[in-house]
Amino acid sequence: MLENQGLQGDLGRGALVLGIETSCDETAASVVQGGREIRSNIIASQVDLHRLYGGVVPEIASRKHIELIIPVIDLALKEARVIPEELDAIAVTYGPGLVGALLVGLSTAKAMALALDRPLIGINHIEGHIYANFLQYPEVEAPLVCLTVSGGHTDLLYIDEYGHYDILGRTRDDAAGEAFDKIARVMGLDYPGGPEIAKLAAVGNPEATDFPRGLMQADTYDFSFSGLKTAVINHIHNIKQRGDKLPVADIAASLQAAIVDVLVSKTVAAAQEYGVGTVLLSGGVAANRSLRTELRQVAGLHGIKVYYPTEVLCTDNAAMIACAGYYRYRRGERSPWDLNAVPSLRLGEV
Ligand code: KG4
Ligand code: ZN
């Protein structure tokens, strides 16, 4: 579906695409050749700055992107040993995300594309996350089921052909990453909470507390994590009221198990119902080791193959944007000069 065959010979040397990503709190730029070869992948994280506030402060994110965007692009070009004139296209995230943050990347991409007389290609951030898999695994073929789990999204998708997404289910309240982050905050852990909880969970007992698995038994591919959040808050409150010490590792392991169980069971059920042999995992939460392992194990029992990107390509980066941009470029797609940032852009929407 992704026209992976014969990429090297295509478009001469393999088109060079600059990807730019500023949808949240990472300023990122990357040069990818032929949709596959990552020539550079620069990520300037603002996480230390936002950690002081326990979450992303949009105004600070925009201002930081303004400072970092040119140096980050410069470095991406330098590391790739590419001069701007050698670029074939500029791909940039235009949504979903924080509007002020998106506008920094989008304006910079427009300025570069205009100055260099190269096509501008707007990319949906969530589609970018999915393409992180295609960067690494040329053998992946549709039809397939994809679970996209990030700080802002939890979508279960059926993909039957390139660029066509059927949404089977999505979260009705918090995204999986958001659940990790909010619960971590209650536990007094640093932002972002996902990796902190994962670290603690590695030394905790996942069966210590049987936290609710939202909508697990329901006849739907939708997810719900707000009940889990409430249950963990109540659990912590009760322990504190008794004056006992918080068993943080056990709580982390138990709540992680609750999130992972639901994600895995619905994803495998969808793959079975749609009769696909391939499942993709994408988005920041796809970096979670327990999710990766359990999904592979359970899917494997049904002969379903699971792909996920290396950890650095799971969380926000611009290589995934350049990769998604490459395929759109090859199909002759171009974005108009009046392309705007779309904070709540959905998959499949233009
Ligand atoms: O894709 P991403 O970098 O940004 C968004 O598009 O939202 O995802 C960030 C989310 C955060 O909620 C973070 O806590 C979560 O991914 N995350 C993890 C792990 N690494 C990042 N959650 C669980 N386990 C991890 N190892
Ligand atoms: Zn993301």
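Me: Is Y94 buried or exposed?

Reply: Y94 has a relative accessible area of 8%. Buried means under 20%, exposed over 50% and partly exposed in between, with a 1.4 Å probe and protein chains only, so Y94 counts as buried.

Me: What kind of model is this, and how are its parts numbered?

Reply: Residues are numbered from 1 along each chain as its sequence is written, while chains are lettered from A and ligands numbered from 1 in the order in which they are written. Side-chain values use heavy atoms, with hydrogens and water left out, local features need pLDDT of at least 70, side-chain atom pairs count only at pLDDT 80 or more, and totals for chains, interfaces and linings use all residues, because the model is predicted.

Me: In which strand does Y94 lie, and how far apart in space are Y94 and I20, C-alpha to C-alpha?

Reply: Y94 lies in strand β4. Strands (E, at least two residues) and helices (H or I, at least four) are DSSP runs numbered from the N terminus. Y94 and I20 are 74 residues apart in sequence, and their C-alpha distance is 9.7 Å.

Me: Which residues are the protein donors of the zinc ion (ligand 2)?

Reply: Donors are N, O and S atoms within 2.8 Å of the metal (3.2 Å for Na, K and Ca); water is not among the atoms, so a site may look incomplete. Here the protein donors lie 2.0 to 2.1 Å from the zinc ion. In sequence they follow the spacing H-x3-H-x186-D. They are H125 (NE2), H129 (NE2) and D316 (OD).

Me: How many residues apart in sequence are the parts tied together by H125 and D316?

Reply: H125 is in helix α4 (residues 125-136), and D316 is in the loop between α10 (311-314) and α11 (319-330). H125 is buried at 6% relative accessibility, and D316 is buried at 15%. The pair therefore ties together parts whose separation in sequence is 191 residues.

Me: Which residues come nearest to ligand 1?

Reply: A residue is near a molecule if one of its heavy atoms lies within 4 Å of it. There are 17 residues around ligand 1. Those that come nearest are H129, G151, D181, G194 and N288.

Me: How much of the area that ligand 1 exposes when taken alone does the protein bury?

Reply: Polar contacts, pairs of N or O atoms within 3.5 Å, include an oxygen atom of ligand 1 at 3.5 Å from a polar backbone atom of G152. Ligand 1 also has an oxygen atom 3.2 Å from a polar backbone atom of G177, and one 3.1 Å from a backbone N or O atom of D316. By the Shrake-Rupley method with a 1.4 Å probe, ligand 1 taken alone exposes 550 Å², and the protein buries 87%.

Me: Which element gives the most residues to the shell around ligand 1?

Reply: The elements that give two or more residues are α4, α5 (176-186) and α6 (193-201). With three residues, the one that gives the most is α5.

Me: Between which domains does ligand 1 lie?

Reply: Domain bounds come from an automatic or database domain assignment. Both domains give residues to the shell, so ligand 1 lies between domain 1 (2-131 + 313-330) and domain 2 (139-310).

Me: To which backbone nitrogen does the side chain of S150 reach?

Reply: S150 is in the loop between β6 (144-149) and β7 (154-161). S150 is buried, with a relative accessible area of 8%. At 3.3 Å, its side chain reaches the backbone nitrogen of G152.

Me: What is the omega of the cis peptide bond between G95 and P96?

Reply: P96 sits in the loop between β4 (89-95) and α3 (99-116). Another cis peptide bond joins Y191 and P192, with P192 in the loop between α5 and α6. For the bond between G95 and P96, omega is about -10°.

Me: What phi does R81 have?

Reply: R81 is in the loop between α2 (58-80) and β4. At 72% relative accessibility, R81 is exposed. R81 is not a glycine, yet its phi is positive, at about 55°.

Me: Where is L215, and what is its phi?

Reply: L215 is in the loop between α6 and α7 (226-241). It is partly exposed at 24% relative accessibility. L215 is not a glycine either, and its positive phi is about 60°.

How values were computed:
Polar contact = N/O pair within 3.5 Å; in protein donor to acceptor, adjacent residues only side chain to side chain.
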